[in-house]
Amino acid sequence: MDNQLNSEALSRITTEIFYTNGLLLAWGDRFAADLGLTSARWQMLGALAHAAEAQTSPQLGERMGMSRQGAQKQLNLLLADGLVAAADNPAHKRSPLYSLTERGAAVFTQVHQRWMAQAAEWAQDLSAEELAAAEKVLLALGQRVKAAG
């Protein structure tokens, strides 16, 4: 019986993830619009800002849970706006390495600082234990979905 209850609970959580993801994407589009960003572009800037080295579009797509084509579309837009730079990739001639430009790093810093203020507001009535438990569940779910292919 516990397994069925857990399955039902995970099903409700998954539904909430889908719903909240839609809300977050729409909110993020409004939140970052004055900086010329959409949620998708903000995601790409963040992935590059947190990467230890330049990344290919497949690497960024995998990191952000999107297709290579989806990542490439955003990278092309960011490239056109001068927020990222593309460099030759010695390991694969057809897959450039992307990194933030100075302007891209500055835009990311702006949106990230604003986001951290917003995150602090949204997190104020959640305990560290609740947030850690949510993160643990999401990480485990993500790993299982990835392993399932």
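Glu62 and Lys146 are joined by a salt bridge whose closest N and O atoms lie 2.9 Å apart; the term denotes a side-chain nitrogen of Lys or Arg within 4 Å of a carboxyl oxygen of Asp or Glu. Because Glu62 belongs to helix 3 (residues 57–64) and Lys146 to helix 6, the pair ties together parts that are 84 residues apart in sequence. Helices (H or I, at least four residues) and strands (E, at least two) are DSSP runs, numbered from the N terminus. Both Glu62 and Lys146 are exposed, where exposed means over 50% relative accessible area, buried under 20%, and partly exposed in between (1.4 Å probe, protein chains only).

The model is predicted: local features need pLDDT of at least 70 and side-chain atom pairs count only at pLDDT 80 or more, while totals for chains, interfaces and linings use all residues. Residues are numbered from 1 along each chain as its sequence is written, and side-chain values use heavy atoms, with hydrogens and water left out.

**Salt bridges**

Three salt bridges are found in a search of the whole structure. Their distances are tabulated here.

| Pair | Closest N to O |
|---|---|
| Glu62 and Lys146 | 2.9 Å |
| Asp34 and Arg114 | 3.0 Å |

The bridge between Asp34 and Arg114 connects the loop between helix 1 and helix 2, which holds Asp34, to helix 5, which holds Arg114, across 80 residues. Asp34 is exposed at 59% relative accessible area, whereas Arg114 is partly exposed at 29%.

Asp81 is partly exposed at 33%; Arg41, at 16%, is buried.

**Nonpolar core**

A nonpolar core is a set of buried Ala, Val, Leu, Ile, Met, Phe, Trp, Tyr and Cys residues joined through side-chain atoms within 4.5 Å. The largest one has 20 residues, of which Leu37, Trp42, Leu45, Leu78 and Val111 touch the most other members. Two or more residues each come from helix 1 (2–32), helix 2 (39–50), helix 4 (68–80) and helix 5 (102–123). Helix 2 gives the most, with five residues.

Leaving aside residues up to four places away in sequence, Leu45 touches Leu37, Leu78, Leu83, Val84, Leu100, Gly104, Val107 and Phe108, contact meaning heavy atoms within 4.5 Å.

**Helix 6**

The 21 residues of helix 6 (residues 128–148) should span 30 Å at 1.5 Å a residue, which agrees with end C-alpha atoms 30 Å apart; the expected span is 1.5 Å times one less than the number of residues. Just after helix 6, Gly149 adopts a positive phi of about 80°.
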